Structures are given as structure tokens and as C-alpha cells.
Amino acid sequence: MKTVTKFWIGIAVLIILSPLGLIMPEHFKAGAAWGEWGADEMVSLVGYIPNGLEKLSGLWSAPLPDYAFKGWEEKGLPDLSLAYIISAIVGIGITVLAVFLIGKMLTKKDN
Amino acid sequence: MHIPDGYLGPTTCGFFYVVMAPIWAVASKVVKKTLKAKQVPLLAIGAAFSFVIMMFNVPIPGGTTGHAVGGVLVAILLGPWAACIAITVALVVQALLFGDGGITAIGANCFNMAFVLPFAGYYIYRFISYNSPVNSNRRVIAAGIAGYIALNIAAGLTGFEFGIQPMLHKTALGQALYCPYGLNAALPAMLGEHMLIFGWVEAIVTALVVKYLQKQDPGLLEEGRM
């Protein structure tokens with residue numbers, strides 16, 4: 001088998017395993033990454049929400065926030081894991097497509 | 001390490017967009033010159049790998065989470081300029097589609113993870129593995145050390161960018177406007193957790209894949225292809 005094919009299989013395996021990135025932090029009671037807190041966490045950490053931060057944080061409304069579907073915040077880990085895998089497939093699909101397009105543009109040698 | 005919207009003030013955000021613009025331009029130029037059409041799938045795999053490895057949040061029990069970037073491996077296989085493009089695409093999709101990293105911080109996040117990280121990792125790897133045979137253990141160790149140091153440099157930079165915000169932006173009453181933590185808190189937090197845990201993930205992933213490729217397809221590890 002060609003190495004590139006094996007790499008693609010490796011990516012697929014990683015996508016299927018990706019919910020570990022959701023389940024492990026939950027299991028070990030780890031919170032957000034440092035500097036990536038939401039509004040509630042910010043208030044409990046420093047007692048207030050910095051004014052500029054509050055304004056800018058709502059600037060962009062992502063279609064799949066935090067690799068989940070909107071309104072799924074209260075769902076359990078199995079549902080969130082499924083959403084996580086779907087997010088990985090969608091995100092990686094678009095990423096791969098974009099790189100192929102860029103690659104095509106860049107490898108078109110002008111004569 | 002994905003700085004969200006609101007943590008960096010407009011000055012910092014603008015500064016890093018201005019810094020990244022010529023870097024992206026040079027990256028396109030270099031890659032246009034060196035990338036062969038048959039290497040495009042590998043570039044796409046590099047971006048996909050970086051994307052998915054960043055989804056593996058590793059916990060510090062009772063504390064924060066973090067992750068590897070995979071960018072050092074992409075730089076070893078395709079060169080740092082191609083890695084810059086691959087990781088940039090992954091970061092932009094993560095910001096736009098999933099709100100992972102702010103859109104105002106795309107410049108800063110790309111500077112840390114798509115520029116400094118692959119370049120630091122690539123040159124550390126080249127320096128340590130200099131003149132060693134492609135199948136040598138020194139290559140594996142070089143890949144691990146490069147992964148560890150490069151991720152920590154990127155984390156330190158991120159901590160620095162967070163930490164200068166209180167100095168740059170404050171209300172009349174002394175409240176922070178953006179990231180509320182100064183250098184004395186942000187720098188040790190970002191560096192400490194990456195040196196303790198997340199840096200090792202980047203190190204192990206990078207070293208293991210290089211080790212695997214030595215057996216599977218050593219041609220990919222030959223230098224001077226890109």
C-alpha cells in the first residue's frame with residue numbers, strides 16, 4: 001500500500017478516536033484551555049468580564065461552535081461525541097478541499 | 001493555544017495580521033516554486049493531520065486542557081513554508097466554522113502555530129539530525145526534541161501576547177479591557193503547562209511518525225526535496 005493511502009487511513013482513525021479529546025478532559029475534570037474561558041468562567045476567575053472582551057467575543061457566530069451543534073450544550077457525552085466526529089469530518093473535508101485548490105493554483109506553473 | 005476573540009486588543013490583532021501578510025505571500029511564492037503536483041495530497045494530509053490532532057484535548061487533571069499542533073511533523077516532511085500554508089488553512093477553518101480561535105486573532109494564532117512553530121521545529125530538527133543517515137535514531141530523537149521545543153516556543157509566545165494586554169489596554173479605573181492576566185501570570189501558565197504535558201504529546205507524535213517512516217517510506221525523510 002502506498003504511504004499516502006496509509007496516511008489517509010491514519011487520518012480516518014484519528015477522526016474516529018477524536019471524541020477522546022472531549023471525553024478525557026471531562027473525565028479528569030479539566031476546564032477550558034488557559035485563556036479560552038467563556039463569560040461565566042471569566043467572572044469566577046477575575047470577578048468581572050473585561051469590557052473590550054465582552055464586545056469582541058460575540059463578534060463571530062460560528063455555525064458549529066466548539067465542534068458541536070447549536071443548542072446541544074446540554075446533551076450528554078455520546079451525542080456530543082457524535083457531533084465531534086461529524087465536526088471533524090466536515091472541518092477536515094473543507095480543509096482538504098481548500099488545500100487541494102490552493103495546491104492546484106500553486107503548482108500551475110506559468111509558462 | 002487558539003486565542004479567542006476579545007483576549008487581544010485591536011493593536012495586537014492588527015499587528016499580527018500585518019506581520020503575517022508578507023509571510024503568507026512568501027510562503028505562496030516558495031511553495032509555488034518547490035511544490036510538485038504529486039505532493040499536493042501530502043500537503044492536504046498535513047493540514048488534515050494538524051486539524052485533527054488539535055482536536056485531541058489533553059487534560060491536566062482538575063486544571064486546564066491543551067493539545068499538540070502536529071506542525072513540526074508537517075514541516076519535517078514538506079518544509080516549513082508548505083507547513084505554514086497547511087496549518088494556516090486548518091486554523092482558518094477552525095476559527096470560521098467552529099469558533100476555535102477568534103477571527104480577530106487569526107493573524108496572531110497563525111504567527112504562533114503556523115509560522116513560528118513549524119520554522120522553529122524544522123530548524124531544530126535539521127540542526128540535531130545534521131548529516132545523520134535517514135534511518136538513524138538521531139533523526140527520531142531530533143524529531144522529538146524539535147516537537148517539544150517548538151510547541152513550547154509557540155506556547156510561550158501565546159502567553160506573551162496574552163500577558164502584554166493589561167499593559168496596553170486598561171480602563172480609567174484600572175480594569176483590563178481584554179485579557180486580564182499580565183505577563184507574570186500568562187507566561188508561566190502557558191509555558192508551564194506545555195512544558196509539563198502538551199509539549200510531550202507533540203514530541204512523541206513527531207518522533208513516532210518519523211520512526212514509522214524510516215521503515216515504511218524513508219524517501220519522505222530525505223532532505224532537499226522542498
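# Reading a two-chain model

Just after helix 2 of chain A, Lys29(A) takes a positive phi of about 55°. This is a predicted model.

Me: Which residues of helix 2 of chain A are buried?

Reply: Start with the count behind the word. A residue is buried if 20 or more other C-beta atoms lie within 10 Å of its own. In helix 2 of chain A, which covers residues 20-27, Gly21(A), Leu22(A) and Pro25(A) are buried.

Me: Where do those buried residues fall, seen down the axis of helix 2 of chain A?

Reply: The general idea is about turns. An α-helix has 3.6 residues a turn, so residues three or four places apart point the same way. Now the case here. The buried residues of helix 2 of chain A fall within an arc of 105°, so they line one face of the helix.

Me: What do they pack against?

Reply: Look in both chains. In chain A, the buried residues of helix 2 pack against helix 5 (77-107). In chain B, their partners are strand 1 and strand 2.

Me: Where is Ala33(A), and what does it touch?

Reply: Ala33(A) sits in the loop between helix 2 and helix 3 (39-46) of chain A. Ala33(A) counts as buried because it has 21 C-beta neighbours inside 10 Å. Leave out residues up to four places away in sequence, and Ala33(A) touches Thr64(B), Thr65(B) and Gly66(B).

Me: Are Asp66(A) and Tyr67(A) buried or partly exposed?

Reply: Count neighbours again. Asp66(A) has 18 C-beta neighbours inside 10 Å, so it counts as partly exposed. Tyr67(A) has 25 other C-beta atoms within 10 Å, so it is buried.

Me: Now chain B. What is its secondary structure?

Reply: Chain B has 8 helices and 2 strands. From the N terminus on, the order is α-α-β-β-α-α-α-α-α-α. The radius of gyration is 18 Å, close to the 17 Å that the globule rule gives for 226 residues, so chain B is as compact as a globular protein of that length.

Me: How much of chain B is buried?

Reply: Buried residues make up 63% of its 226 residues. Take helix 6 (residues 137-163) of chain B as a case. Helix 6 has 27 residues and reaches 39 Å from its first C-alpha to its last, close to the 39 Å expected. Of those 27 residues, 22 are buried, so helix 6 of chain B is largely enclosed by the rest of the structure.

Me: How many residues of chain B are in contact with chain A?

Reply: 64 residues of chain B are in contact with 52 residues of chain A. Helix 2 of chain B gives the largest share of the side that touches chain A, 11 residues. By type, that side of chain B divides into 41 nonpolar, 18 polar and 5 charged residues.

Me: What is Ala48(B) in contact with?

Reply: Set aside its neighbours within four places in sequence. Ala48(B) is then in contact with Ile11(A), Ile92(A), Thr95(A) and Val96(A). Ala48(B) is also among the residues with the most contacts inside the largest nonpolar core, which has 113 residues.

Terms used: Residues are numbered from 1 along each chain as its sequence is written. Chains are lettered from A and ligands numbered from 1 in the order in which they are written. This is a predicted model: local features need pLDDT of at least 70, side-chain atom pairs count only at pLDDT 80 or more; totals for chains, interfaces and linings use all residues. Two residues are in contact if their C-beta atoms, placed from the backbone, lie within 7 Å. Helices (H or I, at least four residues) and strands (E, at least two) are DSSP runs, numbered from the N terminus. Ala, Val, Leu, Ile, Met, Phe, Trp, Tyr, Cys and Pro count as nonpolar, Asp, Glu, Lys and Arg as charged, and the others, Gly among them, as polar. The radius of gyration is taken over C-alpha atoms; the globule rule is 2.2 Å times the number of residues to the power 0.38. A residue is buried if 20 or more other C-beta atoms lie within 10 Å of its own, exposed if 12 or fewer, and partly exposed in between; C-beta atoms are placed from the backbone. A nonpolar core is a set of buried Ala, Val, Leu, Ile, Met, Phe, Trp, Tyr and Cys residues joined through C-beta atoms within 7 Å. The arc is that of the directions from the helix axis to the C-beta atoms. The expected span of a helix is 1.5 Å times one less than its number of residues.
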